[in-house]
Every structure is written in C-alpha cells, then in structure tokens.
Amino acid sequence: MTAVESRESLPELIGVEEFFADPVFSGASISPDGTRIAYLAPKDGRTNVWVRGIAEEHDDAVCVTHDTRRGIKIYHWTDDPRWLLYMQDTDGNEDWHLYRVDLDAPGEPAVDLTPMPPGSRVFGIEPVKSAPGEVFVWMNRRPLYVDLFRIDVATGATTPHLERAEPLDTFVVDRHGEAAFYISQADNGDYEFYAIDAGSGDKRLLCRKGGPEHPVGVLPTMATPDGTGLLVGAYQDSDDLRLVRIDRETGAETVVAAVPGSSLCTMGMMDPHLPPTLFLSKRTGEVVAVRFVGDRPTIEVLDPHFAEVYAALSRLSDGVLQTISSDETEQRWVATFAGDREPEVTWFYDHGTGESRLLFRSRPDLAPADLAPMTAVHFPARDGLPLHAFLTLPVGVAPEKLPLVLFVHGGPWMHDAWGYSAAAQFLANRGYAVLRVNFRGSTGYGKRHVTSAIGEFAGKMHDDLIDAADWAVAQGYADPARIAIIGGSYGGYAALVGVTVTPDYFAAAVDYVGISDLANFMRTLPPFTRPGLINSWYAYVGDPDDPAQEADMLARSPITMVDRIRTPLLVAQGANDVRVVQEESDNIVGPLRERGVPVEYLVADDEGHGFENPENQFRLFRAIERHFAEHLGGRRGTA
C-alpha cells in the first residue's frame, strides 16, 4: 500500500480539542441520602462541581464551585447534606488544600478549611463515623510529618488527632479513627507491622514485609472495619501481589483475594484520579471487590450483595468498571465504565426497582467507531523476562511498516493498562502505531518484574523499550526508520535515555517533565518525600550523597550524555513542578541550542508535574503533532 493510499483510507482527522478538552461530564457520585448526584463539568473554561437531583438533567443542575484558575478534580460528599468538600492546589504546585462549599448558598465563596504555608498539603480525607459532622484529614502542618487531624466541617475547628513520632512511621486507623496498627521501617527498608493495644498504646510486632518489592510502600494498607485485622498487599510465597488479612491477635495471614498469574492493581492507591484498587461498602466499610491487573483489568467480587449489583451493572456496559458510589442503603448506585474506544460512560442504577438510566458520556462527540482498538501483546525481553504491552493501530490502514510511537509511562513504579487513552487515540488518528510497554520495574506484573529493575536505570529498563520496538518491527507493524519515543516524568527520562544511550535509534523524541540528572532530581524533591525513598530511588538507583553511587547515577543520567543527542527533540515542562523541577529541562535544552540541535521547548507558567489546563494540553499536543509529522511523516491538522 502506498503512502497516499494509506492517508486516503484513514478516518477524518479528529481535532485536538475533542481529545484534550475537559470532559463534558465526569467524576459522578451519588449523595449519601441517595437524592442527589454530584459531578464535574466545565464552567468558565474550567472543570467545576455541579449538583442536581437524582431525576434531574444537567439543565436543572447548580454549579456549586467557581474556580476560574485551575479545574477541580477531587471532591467529597459529607454526612451533612449542606456541605460538600473539594481539594485544590495552586497552578500545579501540589500544595493541596481542603475547601468547603455551602450547598444551601452555592454562590458564596468556598472556605479553606486547611490554611497552611507553602510546602504543606492535604494528603487524604475520610469521614469520622463516630462523630457526625467531622472529617479526618491527613496533612503535614509539620513539614516532615504527615499527621492526622479532625476537622469540624461546619466551624472549621481543627484538632490534632494522631501525630507521627518519626517521618517514616505511620498509624493505620479503624473506622472510628482509633489507632489500630502501626507501621515502621527498619534501616534496611523492611516494613514492620505492629498491633496497638487500645488501652495502653503499647505496640506488638506482627510481621515484617520485604522492602524493594514494595518500592512505593505496602499497598494497599487498611484496617478491617472491626479493627481485628489489617488488609495489605503481599506476595507471600507467590510472585503475584495478593490482598491478605493479618490478624491483630495472632499475626496469621489469610488470603482475601488472589488471581493466579495476576497482581493487585495498586494504581488507584497512588493517584486518586485513577480507578480504585479496593471497592468499599458505603454501609459497612468492608471490601466488596478488588481490582487486578491483566490484559484487561478484572474485578474480583467478594460480597454477595455487591455480586448482585455488579452483575446488573455489567449488563449495562461492556467496558471495565472504573468508579462506583452508592447511597447509605446500597440500593441506589452511580457507576462509571470505560473501554478502549469509549471514554467514561456513567449510569444510574436502582437495585431495589431494577431501574437503570444512562446519565452521560464524558465525551459525547467522540464516536467509538472512529477510534482505534487497543490490543494486549506479549513478548520476551532479550534476557527472557516476559514483557506485557498494549498496541494501538490506526484505523483504516494496513498495519504494515507504520510510523511507531513508543509511549513510556511514568513512575517508573506504575503501569500501563488496557482502556481509553486520549494520547494513544490522538496519535493513532494521525496514522501512528502506538506501543506502551510495561518494562521491568512496572508494577502489576509480579515481584520479579518489579525488582528486576534494581540497578537497571538506563540499562535493562532501556533495553526493554528497544526490545519492544524491535518486536513491532519484526512483526511488520513498524517502519524501523520512523520510530519515536515519548514519555512523561520517568517516561521523559526514558525518552532522553533513548536519544543518548541509543542516539541513532529514534527519529524523534518528546521529553515531558522528564528527569535529566538523577542526583539533582533526588536532591530537589520536596523534603517530606525523602525519608520514604529508601525502597524506591535509593534501592533502585542510589544515594546521591555517596560519591561512588552519585558517580554511577550521573553515568545513567542524560545530562552527562547530552553531547550525544542529535535526534529532533521536543521538551515540555511545568514551571511549578515540585517533583521534577524546571532545571531538569533547562539543563538539557540549553546545551542543545548552543550546539544547534533541533529542540522545541514549551514551558507553562501555570502548570506543575504535567499539564492540566485544557489550553496547555492543546498547545502541547499540537506541538507533538507538528513534531511527529515533520520527522515521522504522520498526518497533521490545519489548526
């Protein structure tokens, strides 16, 4: 097939705005009393929170927040129908504050319940079951210590509830907020789990769990509602991550949920914007279902009542359950599903009557028939490690010798999953094959897969990416002369490694908020994060304060190999990024411009670790579109 024939058979170009504008509707949940629905929708160019009656339409809804600077993405109902809470930072600086909205007076300004100086933030919120009208809030008013506070929602009165003795140690509380368990870290990184005596406060060791196999902590970790057990993600004698209950009296471990050959999906524990790992009963707090990783994510149901609900919901959509909420009786439900060619679709379901009703599609202007399917693929790395990846091929063209975009996820202790990806769909619509590989170090594919990344930054982790692209070439999908690499955060580092360690392999590259100097990156992380890096960056990469280890880190850092870069490069950076500071990008762009190497540099003054505001998303993906069209030969829109 000729290039002209390929272009003529592709579907019409879909505008950048259709992929990357804020969703028309998203983030829906039902109120505790089952009478109202809250959700996110644009107002004045930013995502805000709207509330409407259970039987009403959007035209009847009231916008209850009024943020015109940065869209709201996280909100919470309270047990008082008057109040709603939401979280917001400033221009992506991740200093999250908790705000209160008066639903009886939605036009009034929101109240900041957590005024704190820069560098402090809210980490989590949950209701206080034993004290209606109050919420528990985890925050670091003491910069190095994330402590637990009680906040009276109506008055804003804030009371310290539990304070950490050491930055690395933490409490696990029961449903009533009482300290039931205690977790500390040994010098070698092992996690030590203790039961706390309710009367004396004495701690009793229950067990230890290995460190580097849990690089970002033991996830999940929560007390059972009755406080008699601790639920954790554990490998035990398996390579797969399971949900395990540790008995507080005996320390005995019981498997709660496990899927042979699959691991718990812990992504929702690391990013509240992602689907949850555990689905909890609104009424009892018990775990009713668990999410596992696979070629397509799977939901393992544990509760008989929820099994009935889930069976009924599954008849409404062939997508994967993303989020779900219920009223206190667990009869009325709001559930959101997504597929590879269908962004979020949200339904209302009444289990008592059997009534179901489509509430909305998040992007109603995108037709699934115009989008590309995502397929799970598997192949070995050069050393035999099994690799799992997802391939998206453009619609309407033979899958032969296509320009290929290797899209590398961040973390690196995260993973790509089957589902809707705006970026993959956008690139496929422009005529590119898109390959997203879960290289070693990615979570979700077992202990061996994670720990195989120790000491392998810019080594075998990079080899896995090259092996994935070589696989696509060998299968006939990709043209070896037209391969690009793109990624954000760790993925941006991987893109820079790609054009330094293998400078002749890629035809184009995009570094999005990526690390260029591993030592400087670790030194400039927010202070409260550093004690928690023992099992991640220190174990996998090194200690920048140790001269020998720092030298090795620099040898694996693109900044020391910048003279090898000759691949056309696009760099994008948020000026307020507290994870990967702007210096990481500046130090790559400056030397390249001095040498005359093609590099385009986008800096967004109102963004942090990734672009959120839609106008910045448009700017970024139009630049990516131009960059790849010039160097890979894909399609380009007129805007």
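Biologist: Why is Asp247 called buried?

Modeller: Its relative accessible area is 18%. Buried means under 20%, exposed means over 50%, and partly exposed is what lies in between, with a 1.4 Å probe and protein chains only. Asp247 has 18%, so the residue counts as buried.

Biologist: And before we go on, what are these values based on?

Modeller: This is a predicted model, in which local features need pLDDT of at least 70 and side-chain atom pairs count only at pLDDT 80 or more, while totals for chains, interfaces and linings use all residues. Residues are numbered from 1 along each chain as its sequence is written, and side-chain values use heavy atoms, leaving out hydrogens and water.

Biologist: What makes Arg245 and Asp247 a salt bridge?

Modeller: The term asks for a side-chain nitrogen of Lys or Arg within 4 Å of a carboxyl oxygen of Asp or Glu. Between Arg245 and Asp247, the closest N and O atoms are 3.2 Å apart, so the pair meets the cut-off. Arg245 itself has 21% relative accessibility and is therefore partly exposed.

Biologist: How many salt bridges does the whole structure hold?

Modeller: The search finds 33. Some are joined up: Asp383, Arg440, Lys460 and Asp464 are linked in a network.

Biologist: How do you know that Glu330 and Arg283 form a salt bridge?

Modeller: Their side chains meet at 3.8 Å, N to O, which is within 4 Å, so the pair counts. Glu330 sits in the loop between β24 (320-326) and β25 (332-338) and Arg283 in the loop between β21 (278-280) and β22 (287-292), so the contact ties together parts 47 residues apart in sequence.

Biologist: Are the two partners, Glu330 and Arg283, buried or partly exposed?

Modeller: One of each. Glu330 has 3% relative accessibility and so counts as buried, whereas Arg283, at 49%, is partly exposed.

Biologist: What makes Arg626 and Glu600 a link between distant parts of the chain?

Modeller: The N to O distance in this salt bridge is 3.0 Å. Arg626 belongs to helix α13 (residues 614-632) and Glu600 to strand β35 (residues 599-604), and the two are 26 residues apart. Arg626 has a relative accessible area of 31%, so it is partly exposed. Glu600 has 27%, and therefore it is partly exposed.

Biologist: What makes the group of Asp33, Asp79, Asp80 and Glu328 a negative surface patch?

Modeller: Those four residues form the patch, and Asp80 is found in the loop between β5 (74-77) and β6 (83-88). Asp and Glu count as negative and Lys and Arg as positive, with His and the chain ends not counted. Patch members need over 30% relative accessible area and no salt bridge; like charges are joined within 9 Å, and nonpolar side chains (Val, Leu, Ile, Met, Phe, Trp, Tyr) within 5 Å.

Biologist: Last one: which peptide bonds are cis, for instance?

Modeller: Examples include the bond from Leu219 to Pro220, with omega near -10°, and the one from Gly411 to Pro412, with omega near 5°. Pro220 is placed in the loop between β16 (203-209) and β17 (221-223), and Pro412 in the loop between β30 (402-408) and α5 (422-429).

Notes:
Accessible areas come from the Shrake-Rupley method with a 1.4 Å probe; for residues, only the protein chains shown count as cover. The place of a charge is taken as NZ of Lys, CZ of Arg, CG of Asp or CD of Glu. Helices (H or I, at least four residues) and strands (E, at least two) are DSSP runs, numbered from the N terminus.
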